[in-house]
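User: I'm new to reading protein structures. Could you take me through one, feature by feature?

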Amino acid sequence: HGLTFPALAYRALGQGTNLLVVRDTSGAVFGAYADTWLNKSPQFYGTANSFVFTLQPELHIYPSTGRNSNYQYLNWGSSSPYLHNGIGVGGQILHFCLCVDESLLTGHSYGGPSVTFASPVLCGAGKNSTAISSEFDVDSVQVWQVGTPDTSDKEVRRAQRLHDKMLGEHSVMEGNDGDKAVMRLAGHKFASEGDDMQPQ
């Protein structure tokens with residue numbers, strides 16, 4: 001969905017439940033399912049309906065253990081050494097069950113097992129060892145929308161407006177405040193302003 005992490009993230013923000021699928025350079029395919037839409041946050045969020053999985057070389061699904069609520073994490077642009085820039089699932093910040101770095105080139109997987117999902121190291125480099133962590137090089141990463149987002153949520157609508165703005169899918173009236181004021185007087189409502197905009 002993009003050459004940069006923010007471009008990938010903006011396309012995925014507020015787009016409903018999602019499936020993260022990673023293939024590393026060893027050929028292993030693994031990922032995570034989350035039933036909470038992606039949100040930029042330096043803290044974990046999500047629900048126990050999340051799970052991680054491996055597809056290649058073997059299919060395994062690791063559901064939530066319920067021992068913590070560290071399901072999803074998405075952050076970029078942070079200069080703090082205590083926060084990670086990238087997308088993470090499970091574990092803890094800087095020690096994720098699955099993480100793809102902001103560069104989209106590398107990631108890591110901590111297992112041994114992961115407290116959040118009771119999963120081992122997911123990536124190919126850690127499969128044939130007793131390692132409790134492993135870094136990997138990304139061959140490809142995809143974020144898939146599963147289902148339809150609940151657009152009644154104000155935060156989802158905000159994320160969708162950010163998504164649309166990032167893609168350039170906004171009204172031709174964007175930035176033309178005088179023309180917009182005249183159209184409002186004529187009774188026109190702009191879809192890009194959403195239901196939460198108040199008349200001025």
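User: Let's begin with accessibility. Is Ile132 buried or exposed?

Analyst: Buried means under 20% relative accessible area, exposed means over 50%, and partly exposed is in between (1.4 Å probe, protein chains only). Ile132 counts as exposed because its relative accessibility is 54%. Before we go on, this is a predicted model: local features need pLDDT of at least 70, side-chain atom pairs count only at pLDDT 80 or more, and totals for chains, interfaces and linings use all residues. Residues are numbered from 1 along each chain as its sequence is written, and side-chain values use heavy atoms, with hydrogens and water left out.

User: Where is Ile132 found, and what does Ile132 touch?

Analyst: Look in the loop between α2 (124-127) and β10. Those labels are DSSP runs, numbered from the N terminus: helices are H or I with at least four residues, strands are E with at least two. A contact means heavy atoms within 4.5 Å. Not counting residues up to four places away in sequence, Ile132 touches Ser109, Tyr110, Gly111, Gly112 and Val121. Ile132 and Val121 are eleven residues apart in sequence, with their C-alpha atoms 6.4 Å apart in space.

User: How many helices and strands does the protein chain have?

Analyst: The protein chain has four helices and ten strands. Along the sequence, the pattern is α-β-β-β-β-β-β-β-β-β-α-β-α-α. Of the 200 residues, 43% are buried.

User: Which residues of the largest nonpolar core touch the most other members?

Analyst: A nonpolar core is a set of buried Ala, Val, Leu, Ile, Met, Phe, Trp, Tyr and Cys residues joined through side-chain atoms within 4.5 Å. In the largest one, with 31 residues, Leu20, Phe30, Val52, Leu74 and Leu98 touch the most other members. Elements that each supply at least two residues of this core include α1 (5-12), β1 (17-24) and β10 (133-146). Leaving aside neighbours within four places in sequence, Leu74 has contacts that include Phe5, Ala9, Tyr45 and Ile87.

User: What about Asn70: where is its place, and what does its side chain reach?

Analyst: Asn70 sits in the loop between β5 (60-63) and β6 (72-75). With 18% relative accessibility, Asn70 counts as buried. A polar contact is a pair of N or O atoms within 3.5 Å; within protein, one must be able to donate a hydrogen and the other to accept it, and residues adjacent in sequence count only if both atoms are side-chain atoms. Here the side chain of Asn70 reaches the backbone oxygen of Gly91 at 2.7 Å. Beyond four places in sequence, Asn70 is also in contact with residues including Phe44, Val89 and Thr116.

User: And how do I read the backbone? Which residues does a cis peptide bond join?

Analyst: Most residues other than glycine have a negative phi, and most peptide bonds are trans. A cis peptide bond joins Gln56 and Pro57, with omega about 10°, and Pro57 is found in the loop between β4 and β5.

User: What is the phi of Leu94, and what is the phi of Ala118?

Analyst: Leu94 has a positive phi, near 75°, and lies in the loop between β7 and β8. For Ala118, phi is positive too, near 55°; Ala118 lies in the loop between β9 (106-110) and α2. Leu94 counts as partly exposed because its relative accessibility is 31%. Ala118 counts as partly exposed at 36%.
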